[in-house]
Amino acid sequence: MVDIDIAYTDSANWNEADMRARFDWLRDHDPVYWSEKDQLWVITKHADVEYVSKHQEIFTSALGVRPMNVKIGLIDEAEPRHGQLRALINRGFSPRMVKILEETFMRLTTKAIDAVAQQGQCDFVESISVPLPLWLIASMLGIDENDWDRFHHWSDSMIAAEGNLGDPEIAAKAGQAYVEYATYAMKMIEERRKEPKDDLISILTGAKDAGMLQEFDEMPEGAAADMGVAEIHSDELIKLCVILLVAGNETTRNGISGGMQLLIENPDQRQKLLDDPSLINSAVEEMVRLVSPVHSFTRTVLEDVELRGKSIKQDQKVLIIYGSANRDAEFYGDDVNEFKIDRGASHLGFGIGSHFCLGANLARMEMRVTFSELLRRLPDMEYADEGPVFRNSALVRTCENMMVRFTPERGIENAA
Ligand code: HEM
C-alpha cells in the first residue's frame, strides 16, 4: 500500500508518481482524509472539490488559499470586496482585450518559434513555455521590454518560496523579489496616473480617474463606492500586479509544458489534431484536465460541517486537490487517465465558483495559439533525451526542462 501519512503541504513530497498513487488510493478509500502531519483535511473527489469551491459561506478563501494564511489579494478576498475588485480587473480581460492580446500573443509566438525553428532542437521550457506567458503578462501590464528579464526573475523567486519557506535562502530571495517588484509596480502606477497608456495598469488606475476623484488614496475606504464610483487603492493595485504575475505566469507555463508532454507521449492524438486542427479547443481542455497545472488550494471552514460522514470543525483547513478531482473515474469513466483530445468533458483545472480563474480565457487562448503554431511549423517534436525534468512543488506542477528535437524548418519564409 502507498504511504499516505505524509505532509501534503510540503513541496518536497510532491513527486508526481507517488502523489498520483496516493490520490488514487485516497479517492477510493478515504476521500475526505485528515492529515495529521498537516493538521488539515485533504479533499480528493471531483464532487467534493466542486462542492467546497462553490460554498464560500462554509469554506472561505478569505483567510488565505495557501495553508500558511499568507494573504495575496483578490484570490483570498472576502465578498463584497472580492466581487468589486474582480469586476474592475475584468475590464482588462474583456473579449475586446483578449482579441487585442491574441494579436500580440501571435507575434510573440512567432518570435519564440523563429528563434529555434532552424536549430532542430531546444529546451522547450526555456525557449517556449517560459517566455510566452511571461512576455504576454509583461506587455499586458505595460512593463518596459528592457525589464522583462527582471520581471522573469521576480516571478521565479516568488513562486519558488511556495512550500519552501523553511529554507531561509529561498524565503529571503522571495521577500527581496516582492519588494523590488512592488517598488517597480508603484512607480508604474504613479506614471500611469499622470499619463495613461493602453495597458492593464492604466485601466485600473483609470477606474478612479473616471470618478474624477483627486486625492483618491486619502479617501476613507468605501467613500467612492458610496458615490457609485469604482475604486481601487494603491496597495490593492500593487497586490493585483503581484497576483497577475504569479497566477498568470507559472500556471500557463506549465500548462504549455505539460500539453507538449502529452502530445509527444501520445502520437496518435497528435496525429488526430494534425488531421483535424478544429479539435484544438477541446485538446486544450483535455490538456488542462490531465496536467492540472495548479495542484491545490486551501479553504478555511467557517462552521461545523459534515462531508462524506466526516465531521469537519469550524476553523479547520481543507486542501482541495484539483489534479485528483480531474482524474476521478467516478466522474470521467475508466479511461480517465487517457489523453483524448476529443473527450469534450468539463474539468476543475481552473477551479469553479466565485473564484474561478480570472485568466482562464487568456490561458486557453495562449495554449491554443502556441500549439496551433507549433503543430503547423514543427509538427514532429520528440524528446531529445530521457524526457522532462520536474521540480517538486505543492502549488504548481513545475517542469524545469524538456529537451526536444524536431525537423528544422527550412526557411523563416515558412513562418508567415
Ligand atoms: C493554465 C493556466 C492556468 C491555470 C491552470 C489556472 C488555475 C487557477 C485556479 C485553479 C484558480 C482558482 C483559485 C480558487 O478557487 O481559489 C485560479 C484563479 C485565478 N487565476 Fe488562474 N490559472 C491559469 C492561468 C491564469 C492566467 C493567465 C491569469 C492572469 C493573467 C490567471 C489569474 C488568476 C486570478 C487573478 C485568479 C483569482 C480569481 C479570483 O479569486 O476571483 N490565471 N486560477
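The ligand's iron atom gets just a single donor from the protein, the SG of Cys357, which sits 2.3 Å away. Donors here are N, O and S atoms within 2.8 Å of the metal (3.2 Å for Na, K and Ca), and since water is not among the atoms, sites may look incomplete. Cys357 itself belongs to the loop that runs between α15 (329–332) and α16; helices are DSSP runs of H or I with at least four residues, strands are runs of E with at least two, and both are numbered from the N terminus. The model is a predicted one, with local features needing pLDDT of at least 70 and side-chain atom pairs counting only at pLDDT 80 or more, while totals for chains, interfaces and linings use all residues. Residues are numbered from 1 along each chain as its sequence is written, and side-chain values use heavy atoms, with hydrogens and water left out.

Oxygen atoms of the ligand pair up with polar side-chain atoms of His82 at 2.6 Å and of Arg299 at 2.8 Å. On the backbone side, a polar atom of Ala247 is 3.5 Å from a ligand nitrogen.

Helix α11 runs for 32 residues and spans 46 Å from first C-alpha to last, close to the 46 Å expected at 1.5 Å a residue (1.5 Å times one less than the number of residues). Most of α11 is covered, with 27 of its 32 residues buried, where buried means under 20% relative accessible area, exposed over 50% and partly exposed in between (1.4 Å probe, protein chains only).

Two other residues are worth a look. Asp38, in the loop between β1 (32–35) and β2 (40–43), counts as buried because its relative accessibility is 13%. The Asp38 side chain makes a polar contact with that of Ser35 at 2.6 Å; such a contact is a pair of N or O atoms within 3.5 Å, and within protein one must be able to donate a hydrogen and the other to accept it, with sequence-adjacent residues counting only if both atoms are side-chain atoms. Ser157, in helix α7 (residues 148–160), is buried too, at 9%.
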